[in-house]
Amino acid sequence: MLFITRIFLLNLMAIPMAFAGTKGLDVKLENLGDSDFYQSPIFKQFTNNFGNYHFDECWQHYGDGVSGIHYLNYGFLRLINGHTIQDIFNFNKEAIQNIRKNLHQPDEHTASEGYHGMYIIYPKNGYLTIMGIGANANTKKGLTGISPVIKGIKLDQTKPKEGAKIFERSLCRVSKPFNIGFGV
């Protein structure tokens with residue numbers, strides 16, 4: 001029995017294994033622009049390639065070492081209390097707080113803390129504006145939990161593979177605020 005235990009322990013030490021993987025993001029993707037974007041060739045290509053982020057160094061740099069998106073819930077954002085698209089992109093405090101409150105509501109797809117963040121996209125006439133809002137902020141450390149707004153991203157629907165890669169890279173570039181308070 002002692003011999004079997006030793007063999008087992010030697011095998012564990014000799015075989016390269018990683019038990020402590022990286023945590024993927026549980027996020028929402030909300031559209032404020034063209035309602036047919038989710039049926040577009042670029043978005044379909046993106047969902048077909050969903051989960052291939054570990055091949056892209058962007059997630060290691062902008063995504064703060066996170067392996068990518070684990071769960072993506074997407075829909076069309078309905079603004080409340082008279083807020084507009086510009087309120088979101090101008091970082092209106094009340095609008096951002098409403099979004100954060102909703103992100104902390106757990107559902108069947110998230111852990112008890114809810115979503116890590118929300119992508120706000122505005123696809124219009126072949127161009128994309130995007131930003132990320134993290135579920136948390138840490139103002140004591142100067143972390144607002146809000147990404148910069150990236151405007152004027154060209155999405156050519158006639159080249160879905162290229163467009164899907166550009167779209168995925170855009171999601172990655174605004175993901176950094178999602179890590180605040182989740183120990184990632």
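I began with what covers the buried residues of H2, and the cover includes E1, E2 and H6. This is a predicted model, so I keep that in mind throughout. The buried residues in H2 are Ile 42, Phe 43, Gln 45 and Phe 46. I looked down the axis of H2: these residues fall within an arc of 160 degrees, so they line one face of the helix.

Next I looked up the largest nonpolar core, which has 25 residues. Leu 29, Tyr 119, Ile 130, Phe 167 and Leu 171 have the most contacts inside it. Among the elements that give two or more residues to this core are strand E1 (25-31), helix H2 (41-48) and helix H6 (160-173). H6 supplies the largest share, four residues.

Then I followed Phe 167. Leaving out residues up to four places away in sequence, Phe 167 touches Leu 29, Phe 37, Ile 42, Phe 43, Phe 46, Ile 121, Leu 128 and Leu 155. I also noted a second, separate core of 14 residues, including Leu 32, Phe 89, Ala 95 and Ile 99.

In what order do the strands of the open sheet come? I read E2-E1-E3-E4-E5, five strands with mixed pairing. E2 and E5 stand at the edges with a single partner strand each, so one side of each has no neighbour in the sheet. From one strand to the next, the twist averages 25 degrees.

E3 and E4 run antiparallel and are joined by eight bridges. I found Tyr 127 in E4 as the bridge partner of Lys 124.

Last, I checked helix H5 (residues 93-103): it lies across E1, E3 and E4, at about 65 degrees to E4.

How values were computed:
Residues numbered from 1 in each chain as written. Predicted model: local features only at pLDDT ≥ 70, side-chain atom pairs only at ≥ 80, totals over all residues. Heavy atoms only, no water. Core = buried A, V, L, I, M, F, W, Y, C linked by side-chain atoms within 4.5 Å. Buried < 20%, exposed > 50% of the residue type's maximum accessible area, 1.4 Å probe, protein only. Contact = heavy atoms within 4.5 Å. Arc of directions from axis to C-beta. Pairing = 2+ DSSP bridges. Axes fitted to C-alpha atoms, helices over the stretch in contact; angles between N-to-C directions.
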